[in-house]
Amino acid sequence: MENIVIDVCDLKKVYGEQTVLQDIDIGFEEGSCTGIVGNNGSGKTVLFKCICGFVKPTEGYVKVNGKIIGKEVDFIEDAGIIIETPGFINSLSGLKNLEMLAALNDKIGREEIIATLETVGLREAMNKKVKNYSLGMRQRLGIAQAIMERPGILILDEPFNGLDKIGVVEMRGIIKDMNKNGTTIIISSHNNEDIKELCGRVIELDGGMIKNDTQYK
Ligand SMILES: Nc1ncnc2c1ncn2[C@@H]1O[C@H](COP(=O)(O)OP(=O)(O)OP(=O)(O)O)[C@@H](O)[C@H]1O
Ligand SMILES: [Mg+2]
């Protein structure tokens with residue numbers, strides 16, 4: 001058995017009368033890329049938020065690198081995250097936004113940020129204000145934000161939203177490279193092609209429960 005980096009144990013989440021996740025037990029192996037699929041409202045985003053520590057489980061827990069989220073650490077560590085639409089400060093440039101985010105961890109400097117912007121195809125537009133970015137450009141900036149510190153974990157909730165065909169192919173390539181270099185990835189997408197291309201394992205949620213869990217490679 002490979003090393004389990006993210007361990008979701010007996011997770012349950014209830015909002016009011018509604019149980020949105022239950023009996024969720026998943027171990028994510030180091031260096032794996034796992035797709036989370038399922039219909040609208042099946043619980044993907046809530047699961048991602050529990051893994052990151054943005055939502056507190058009603059029962060059960062999530063352990064990342066041996067630490068229980070919300071107990072031993074507040075939030076997931078060493079992770080790049082995209083959940084729904086990434087939020088940026090519109091009046092600042094893409095570069096400035098990333099510089100401010102990078103300052104929080106103080107792990108990387110301007111050079112690495114610019115190299116990442118180059119990777120996602122935003123080098124030319126990096127000094128433009130984010131309010132003048134197209135939807136796809138914002139999404140690329142979101143991907144840049146998630147990968148810029150070369151995290152050991154990537155949590156990507158529909159990272160290809162709003163990207164054109166070329167953008168999807170380019171961003172898939174970037175994510176594949178990160179995975180090849182050992183990053184553990186969890187990704188959701190409504191596009192089967194994305195999931196087939198990237199994921200060695202696919203977990204389907206249905207009404208907040210695991211319906212299928214298939215290992216392909
Ligand atoms: N803060 C909240 N309060 C109450 N209910 C919530 C909250 N967040 C999510 N839910 C409910 O949890 C269920 C699962 O939502 P979730 O966003 O995880 O679905 P999803 O699988 O990500 O769907 P989509 O494919 O549309 O992104 C939905 O019924 C949703 O209404
Ligand atoms: Mg969602």
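**Ligand shell.** I sorted the residues around ligand 1 by class and got three nonpolar, six polar and one charged. Bear in mind that I am reading a predicted model. The residues surrounding ligand 1 are Tyr15, Val20, Gly38, Asn40, Gly41, Ser42, Gly43, Lys44, Thr45 and Val46. Which element gives the most to this shell? I found helix α1 (residues 44-52), with three residues.

**Where α1 lies.** I followed α1 next and saw that the helix lies across β3 (33-37), β6, β7, β8 (184-188) and β9. Against β7, α1 runs at about 150°.

**The six-stranded sheet.** I traced an open sheet of six strands in the order β6-β7-β8-β3-β9-β10, with mixed pairing. Why is one side of β6 (79-82) and of β10 (209-215) left without a neighbour in the sheet? Both strands stand at the edges and have a single partner strand each, so there is no neighbour on one side. On average, neighbouring strands here are turned by 15° against each other, direction ignored. I also checked how β9 (residues 201-206) meets β10: the two run antiparallel and are joined by six bridges. For Val202, I noted Thr214 in β10 as the bridge partner.

**The β1 pairings.** Back at the shell residue Tyr15, I looked across to β2 and found Gln18 opposite. Strand β1 (residues 4-15) and strand β2 (residues 18-29) run antiparallel, joined by eight bridges. Their hairpin has two residues between the strands, and Gly16 takes a positive phi near 60° there. How many bridges link β1 with strand β4 (residues 59-64)? I found five, again in the antiparallel sense. One thing to click on is Asp7, whose bridge partner in β4 is Lys63.

**Two domains.** Looking at where they touch, I found 13 residues of domain 1 in contact with eleven residues of domain 2. On the domain 1 side, β7 (153-157) and α5 (165-180) each supply at least two residues. The largest share of that side comes from α5, with five residues. I sorted this side by class as well: eight nonpolar, three polar and two charged residues.

How values were computed. Residues numbered from 1 in each chain as written. Chains lettered and ligands numbered in written order. Predicted model: local features only at pLDDT ≥ 70, side-chain atom pairs only at ≥ 80, totals over all residues. Near = placed C-beta within 6 Å. Helix = DSSP H or I, 4+ residues; strand = E, 2+ residues; numbered from the N terminus. Nonpolar A, V, L, I, M, F, W, Y, C, P; charged D, E, K, R; others polar. Contact = placed C-beta atoms within 7 Å. Pairing = 2+ DSSP bridges. Axes fitted to C-alpha atoms, helices over the stretch in contact; angles between N-to-C directions.
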